[in-house]
Amino acid sequence: MSDSRVRELEATWRTSGAVEDEAAWLQERVRVGDLEQSKLELAAYCGHSGAARSATPLSLEEGEAWLEGLVGYGRIATVRSLIAIAVVSLEAWTRDETCPIEAAHAAQDWILCPCDPHRAAAGLAAGRCEDLYTQAGSFGASEIAACAAKATYETDLASLIRYSVWWGTKRLCESFDDLLEENDLLLAVRADLVPWALGYSDPVRERVEVRARASEHSERD
Ligand SMILES: [Zn+2]
């Protein structure tokens, strides 16, 4: 009868919209195995109020330390965080080279299917970003996208996060003015992680699906 209890608590929350009702529903989902405790803790770490009422996060660091702390939630959560940073950074990408966009795509493809061929494709995409660095100079958005792709296999994930934050807040693309605030990075990461962690929606899957539909259209045209 646990499923009906979960449904009942969900209905209560959807009617009331109250944080404590959401917290009760999330806790019940953990109890019946519908939600992993670690995902609830990750959402709490991201500051989600319903999750924060029912789980104690690892720590409550701020800024860059907070971003580095995401490594404690595992590789998938870290790659997803770096993808969120890459997506917001690539909004500044106005150059002709497509390698950073492809690197961000490769990291997202690996998230949906984390097999060896997708990891190898991410490695190749990251390598093309490094070639761009060698040929054309430094572009933060490209470096950040390469970090997201490399996080699918590299061991030092905290360095990839630090490197991404440095580029995002120091130089994104052509100009030293096109920068992001550290807070922009935090908000982008939280917006990607929370709905995924709680099973509400999956921003990475949605982006991959939009891309698949767009390529279907262009093939038809
Ligand atoms: Zn795969």
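The model is a predicted one, in which local features need pLDDT of at least 70, side-chain atom pairs count only at pLDDT 80 or more, and totals for chains, interfaces and linings use all residues. Residues are numbered from 1 along each chain as its sequence is written.

Ten residues from domain 1 and eight residues from domain 2 form the contact, where two residues are in contact if their C-beta atoms, placed from the backbone, lie within 7 Å. On the side of domain 1 that touches domain 2, helix H3 (residues 37–45) supplies the largest share, four residues. Helices are DSSP runs (H or I, at least four residues), numbered from the N terminus. The residues on this side of domain 1 comprise six nonpolar, three polar and one charged. Here Ala, Val, Leu, Ile, Met, Phe, Trp, Tyr, Cys and Pro count as nonpolar, Asp, Glu, Lys and Arg as charged, and the others, Gly among them, as polar.

Attention now turns to a pair of helices. Helix H9 (residues 140–150) and helix H10 (residues 157–170) pack at an angle of about 160 degrees, with their axes 9 Å apart. Axes are lines fitted to C-alpha atoms, for helices over the stretch in contact, and angles run from 0 to 180 degrees between N-to-C directions. H9 and H10 are therefore roughly antiparallel to each other, a term for angles over 145 degrees. Gly140, Glu143, Ile144, Cys147 and Lys150 in H9 meet residues of H10 including Tyr163 and Trp167. By class, this contact of H9 with H10 has five nonpolar, three polar and three charged residues.

How values were computed: Helices (H or I, at least four residues) and strands (E, at least two) are DSSP runs, numbered from the N terminus. Angles under 35 degrees count as roughly parallel, over 145 as roughly antiparallel, 65 to 115 as roughly perpendicular and the rest as oblique.
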